[in-house]
Amino acid sequence: MNSFGEKLRFSTFGESHGVAIGCLLDGVPAGLKIDEEFIQAELDRRKPGKSEFETARKEDDKVEILSGVFEGKSTGTPIAMVIYNTNQKSRDYSNIKDIFRPGHADFTYFYKYGIRDYRGGGRSSARETAARVAAGAVAKIMLRELGVEVLSGICEVDGIKAEKFDYEAAKESIIFALDAGKEEEQKDAILKAKNEHDSVGGVSRVLIKGAPKGLGEPLYYKLDAVLADAMMGINAVKAVEIGDGVLSASLKGSKNNDEIRSSGFVTNHSGGILGGISNGDEIVMNVYFKPTPSIFKEQKTVTTANEEVDFALKGRHDPCVAIRGTVVCEAMAALVIADMLLLNMGSQMDRVAKYYK
Ligand SMILES: Cc1cc2nc3c(=O)[nH]c(=O)nc-3n(C[C@H](O)[C@H](O)[C@H](O)COP(=O)(O)O)c2cc1C
Ligand SMILES: C=C(O[C@@H]1CC(C(=O)O)=C[C@@H](OP(=O)(O)O)[C@H]1O)C(=O)O
């Protein structure tokens with residue numbers, strides 16, 4: 001399967017160490033004003049090499065729109081976008097040409113395809129997620145017209161949890177803009193792991209504001225199932241919680257139920273979804289990222305010939321992938337919600353907009 005979505009279908013192409021990466025987004029209604037600066041700004045939030053908390057690989061991630069937009073508006077035809085790689089030649093992969101990095105996809109890609117692309121992570125590298133962010137930015141533009149907003153921020157790093165969460169601040173600086181009290185501890189944990197040639201995991205909290213009631217199919221295209229699929233499809237994501245998620249299994253029904261008043265739900269343990277359908281409340285998810293697999297400590301592994309070796313990796317790697325991964329979560333969530341809106345309401349922007357008046 002090479003595309004995602006029912007009405008708003010998208011797929012991506014390219015490799016981290018090839019010429020370019022990009023996406024093809026089909027199903028965008030005609031007449032949508034495409035704000036190219038916004039698409040670039042979204043890519044800038046995710047691009048690598050901005051700080052000591054990220055990989056040292058420097059890429060500008062300048063996006064070029066190849067089709068589907070005329071005089072600033074979508075034409076209703078497929079939107080193709082390309083981002084050229086400029087810093088793809090990593091010498092540091094030469095020493096792992098025939099070696100599988102523990103925790104990365106080298107092992108499984110080799111046994112599935114029988115090919116070891118020695119240039120680097122290739123298609124399994126999260127560089128591909130830049131193309132998702134470009135597609136997600138168009139979805140966000142569509143959602144903006146309909147009063148829906150997708151926000152996120154990092155709520156946990158290396159087990160250190162933020163106690164309060166400020167999405168508006170997180171918009172400006174997705175990293176640690178959540179809890180002044182915990183911010184320094186979280187930053188220190190990343191830098192400490194980095195100095196020790198190790199890595200840490202983290203959790204992104206995603207908020208979807210303004211989604212109407214009724215999104216999601218009751219049985220086989222449930223909103224929570226599709227969101228979970230979209231999040232789990234992001235590199236290094238190992239779990240997704242909707243609303244209270246795991247915690248709800250240990251709550252009594254009387255604590256877990258969201259009581260209903262004429263003005264709406266009193267609480268939001270459900271995370272805005274009941275029976276696979278949005279209930280009009282905020283949609284809330286926690287997305288759990290594992291620690292970066294590529295670390296510089298000595299590790300045990302095998303070669304493509306299954307010989308045991310000890311090796312220490314070099315290269316340019318994120319010490320905590322959740323930091324940039326949170327932008328990818330937003331993009332994927334925006335694509336799902338935009339798809340669900342189109343699925344429920346038809347394909348023309350004006351019809352979609354009128355429905356919610
Ligand atoms: C934004 C982002 C950046 C990432 N950066 C790196 C990295 O620098 N080095 C690395 O080994 N893995 C990185 N990863 C994770 C790997 O791509 C991922 O772990 C790998 O493809 C194996 O897939 P899995 O962890 O989903 O099983 C990153 C993930 C994301 C979302
Ligand atoms: C280049 C990016 O991130 C990369 C994601 C990644 C991985 O294994 O996922 C490995 C590293 O790079 P490379 O592919 O050169 O080994 C990161 O720098 C990017 O996000 O644009």
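Where is Ala 236 found? Ala 236 sits in the loop between helix H6, residues 223–232, and strand S10, residues 237–242. Before going further: this is a predicted model.

I'll stay with Ala 236 for a moment. Is it buried or exposed? With 20 other C-beta atoms within 10 Å, Ala 236 is buried, because the cut-off for buried is 20 or more. Leaving out residues up to four places away in sequence, Ala 236 touches Phe 289, Lys 290, Val 321 and Gly 325.

Now the annotation. The UniProt record, an unreviewed entry, has a "binding site" feature that covers Arg 123, Ser 124, Ser 125, Asn 235, Ala 236, Gly 275, Lys 290, Pro 291, Thr 292, Pro 293, Ser 294 and Arg 316. These positions span 194 residues in sequence, and the farthest two C-alpha atoms are 43.4 Å apart, so they do not all gather at one spot.

Arg 123 is one of the annotated positions. Arg 123 lies in the loop between helix H2, residues 106–113, and helix H3. With 18 other C-beta atoms within 10 Å, Arg 123 is partly exposed. Apart from its neighbours within four places in sequence, Arg 123 is in contact with Glu 15 and Glu 128.

Last, the sheet. Four strands form an open sheet in the order S1-S2-S6-S3, with antiparallel pairing. Its edge strands are S1, residues 9–14, and S3, residues 63–67, each pairing on one side only. On average, neighbouring strands of this sheet are turned by 20° against each other, direction ignored. Helix H3, residues 129–145, packs on the sheet and touches S1, S2, S3 and S6. The direction of H3 makes about 30° with that of S2.

Within the sheet, S2, residues 20–26, and S6, residues 79–84, pair in the antiparallel sense over six bridges. Which residue in S6 stands opposite Cys 23? That is Met 81.

Notes
Residues are numbered from 1 along each chain as its sequence is written. Chains are lettered from A and ligands numbered from 1 in the order in which they are written. This is a predicted model: local features need pLDDT of at least 70, side-chain atom pairs count only at pLDDT 80 or more; totals for chains, interfaces and linings use all residues. Two strands pair if DSSP finds at least two bridges between them. Helices (H or I, at least four residues) and strands (E, at least two) are DSSP runs, numbered from the N terminus. Axes are lines fitted to C-alpha atoms, for helices over the stretch in contact, and angles run from 0 to 180 degrees between N-to-C directions. Two residues are in contact if their C-beta atoms, placed from the backbone, lie within 7 Å. UniProt positions are given in the numbering used here, feature names are shortened, and annotations may be inferred rather than shown by experiment. A residue is buried if 20 or more other C-beta atoms lie within 10 Å of its own, exposed if 12 or fewer, and partly exposed in between; C-beta atoms are placed from the backbone.
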